[in-house]
Amino acid sequence: MLDPWTLFFVVTTFALYIGIAIWARAGSTDDFYVAGHDVHPTVNGMATAADWMSAASFLSMAGLIAFMGYGGSVYLMGWTGGYVLLALLLAPFLREFGKFTVPDFVGDRYYSTTARVIAVVCALFVSFTYIAGQMKGVGVAFSGFLGVPFEWGIIIGMVIVFFYAVLGGMKGVTYTQVAQYCVLIFAFTVPAIFMSLIITGNPVPQLGFIGEAQGEGISMLAKLNTVVTDLGFLEYTETNKSMIDVFCITAALMFGTAGLPHVIIRFFTVKSADAARVSAGWALIFIAILYTTAPAVGAFARINFIDTVNEATYIADDEDYDARSAEIEAAGGKPVPQWYKDWEPTGLVAFEDKNGDGVMQYRGPNAPDGIENEVSPNNDIFVLANPQIANLPGWVIGLVVAGGLAAALSTAAGLLMVISSAVSHDLCRRTLFKSMDDKTELRVARGAAAGAVFAAGLLGIFSNSLGFVAQVVAFAFGLAAASLFPVIFLGIFWKRMNKEGAIASMLTGLITTFGYIYWFKFVDTDPANWLFGVSPEGIGFVFMWLAAGVGVVTTLATKPPPKEILELVQKIRVPVS
Amino acid sequence: MQENSSADEGRAYWQATIRLTIGLLVIWFAVSFGAGILLRDVLDQWSLGGAPLGFWFAQQGAIYVFVVLIFFYCWAMRRIEKEHGVRA
């Protein structure tokens, strides 16, 4: 299904990214790691938004919400509320500290190479987990839309990222992320506006979401609740997760967001602590545009999907679609929609005629009419097929593909910066070869970025055969929340916190969270055995408290940090004019 | 003497910052974990347009409040900085 518009958008946007990379070449390590500490707060906010919103936010989240209803709120609140923590508790202080990386802060604040190296391990672990998913997304987009084999899709993506991450460093990444934000937000909101108009008559999806269903005299959500319960699904505004689990997952995603190194380093690129605060606000505005639209898209998509697919008469591949659908319509029936047939070859939608009546019955687990479900849609189909479901022109589809690629590539690039700076700056310059000069470090940083691109590509290709990406995303947030967040937070807000406490805290968070997720994802998958009924996705929040507690107790049992450290913390808290 | 007064200013500045931060975090908690999760069933008695209120907070309202919180924080921090002579 090679569409000329798709090719056009993908090629144009890629050329734009490469152009920006050449224009924004990095000349020094300052440029390479933090874009010279000179990025405008609004620009940085936009770059942060693109950095943050990954292939998952763009392609999968609205679909997940469509299926989960109220349960999808954990992503909406979790992935936005983290920015409040970031703005209030971390970003301005880390910017005041004024170095390059997260391990830099941990190593200096806790006057310890061991602490630095453990922070490097945490940062690398979190970033590699995350980047595998992005690369996989790039591969899927290419193979699904441009007819390129999956592996080649990833290689093309690697070459593009290589260009701007290796040449431009943080400077190149920042300005390409700005361009990528514009592409992805346009691609996400245009179909949403049209869908909102069709379903609710209101062009603003956020208002359509709370508005009335067009011409039915009841609210859109009430209609959706009736429609899904009639088919045997749970009410849309309900969830089958326990309250404690919803609470913990939301919290783990929030604290995880605040502890993610690729998000934190974006705030090193602005001029001052004040700029870091403002920048966090802008980042959240840009993110909120997508995140408040997504629940509307989810609800509309669920209605659309049921409307167009349920009880439709199936048309097999060997039949003439146009002739057969006219025939079905003439007989007063509903033919399977064209978009469904277009997407069927990708495997994102599937129909199995269990009762042999040739009609597609879409049902939930408790269908009142006792009919078995025959249709299985994938989460991603909702965003991808929306333009067609809403009868939008062909170029919109191309735009959505380019948007998905922009989302995946911008996040991948941000992660690459974390990986390369952790290796070149924290491991090489600050730990192993302390006499390294700036020029050599820049070369090492470029080399590390190139190596990381390569490793990430391999991971992406490898992950496809294992299918473990979705499983390990919980790792990234849980680990960031339990291992990095407590030491950074305590390092700023509690002067007494010392080296021993920090090391004990990071190790506790890392080992317990890793162990729990590994155990309940791969060994014992029975939810009945979860600790306090908390799923692996939410456990990072529980172990975050444990890690902080261990850190505090260990600190109190050992001697206080040296005087210079107390002064360092004072300087971070109270900037002197 | 000079030393001491600037140290006092610094302490007052930090205390003001902490007070502000705690206040804003209470609101942060109230709109997300409070309205969106813990008290959602209570709030769902009312509705905003066609959405149950607790559900709306969980999927829309909390996010809007987060944005306002951060910008309020920026504004309030600038005021505190000015008041205590920290930075120009």
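**Exercise 1.** Is Tyr111(A) buried, partly exposed or exposed, judged by its C-beta neighbours inside 10 Å?

*Solution.* The model is a predicted one, and the reasoning begins with the place of the residue in the chain. Tyr111(A) is found in the loop that joins helix H6 (102-109) to helix H7 (113-145) of chain A. The next step is the neighbour count: burial requires 20 or more other C-beta atoms within 10 Å, and exposure 12 or fewer. Tyr111(A) has 16 C-beta neighbours inside 10 Å and therefore counts as partly exposed. As background, most residues other than glycine have a negative phi.

**Exercise 2.** Determine where Glu311(A) lies and to which exposure class it belongs.

*Solution.* Glu311(A) sits in the loop between helix H13 (273-309) and strand S1 (312-313) of chain A. Its phi is near 65 degrees, which is a positive value in a residue other than glycine. Because Glu311(A) has 12 C-beta neighbours inside 10 Å, it counts as exposed.

**Exercise 3.** Describe the geometry and the burial of helix H4 (residues 55-68) of chain A.

*Solution.* Begin with the length: H4(A) has 14 residues and reaches 19 Å from its first C-alpha to its last, close to the 20 Å expected at 1.5 Å a residue. Then follow the axis, which bends by about 40 degrees at Met61(A). Burial comes next: 11 of the 14 residues of H4(A) are buried, so the helix is largely enclosed by the rest of the structure. Met61(A), the site of the bend, is itself one of the buried residues, which also include Phe58(A), Leu59(A) and Ile65(A). Just after the helix, Gly69(A) takes a positive phi of about 60 degrees.

**Exercise 4.** Against which helices of chain A do the buried residues of H3(A) pack?

*Solution.* Helix H3 (residues 41-52) of chain A has 12 residues and spans 16 Å between its first and last C-alpha atoms, close to the expected 16 Å. The helix is mostly covered, with 10 of its 12 residues buried, among them Pro41(A), Asn44(A), Asp51(A) and Trp52(A). The buried residues of H3(A) pack against helix H8 (150-200), helix H12 (261-264), H13 and helix H17 (394-432) of chain A.

**Exercise 5.** Which parts of chain B supply at least two residues each to the side that touches chain A, and which gives the most?

*Solution.* In total, 35 residues of chain B are in contact with 39 residues of chain A. Helix H1 (2-38), strand S2 (51-52) and helix H3 (53-83) of chain B each supply at least two residues of that side of chain B, and H3(B) gives the most, with 16 residues. Sorted by class, this side of chain B has 25 nonpolar, eight polar and two charged residues.

The annotation can then be set beside the model. An unreviewed UniProt entry marks residues 20-39 and 51-75 of chain B as "transmembrane region". Over residues 20-39 of chain B the chain is 95% helix and 0% strand, with end C-alpha atoms 25 Å apart, whereas residues 51-75 of chain B are 92% helix and 8% strand, with end C-alpha atoms 32 Å apart.

**Exercise 6.** Which residues touch the most other members of the largest nonpolar core?

*Solution.* The largest nonpolar core has 232 residues, and those touching the most other members are Leu184(A), Leu416(A) and Ile70(B). For Leu416(A), once its neighbours within four places in sequence are left aside, the contacts include Val161(A), Ala165(A) and Ala449(A).

Key
Residues numbered from 1 in each chain as written. Chains lettered and ligands numbered in written order. Predicted model: local features only at pLDDT ≥ 70, side-chain atom pairs only at ≥ 80, totals over all residues. Contact = placed C-beta atoms within 7 Å. Helix = DSSP H or I, 4+ residues; strand = E, 2+ residues; numbered from the N terminus. Nonpolar A, V, L, I, M, F, W, Y, C, P; charged D, E, K, R; others polar. UniProt positions renumbered as here; feature names shortened; annotations may be inferred. Core = buried A, V, L, I, M, F, W, Y, C linked by C-beta atoms within 7 Å. Expected span 1.5 Å × (residues − 1). Bend = angle between axes of the 7 residues up to and from the residue.
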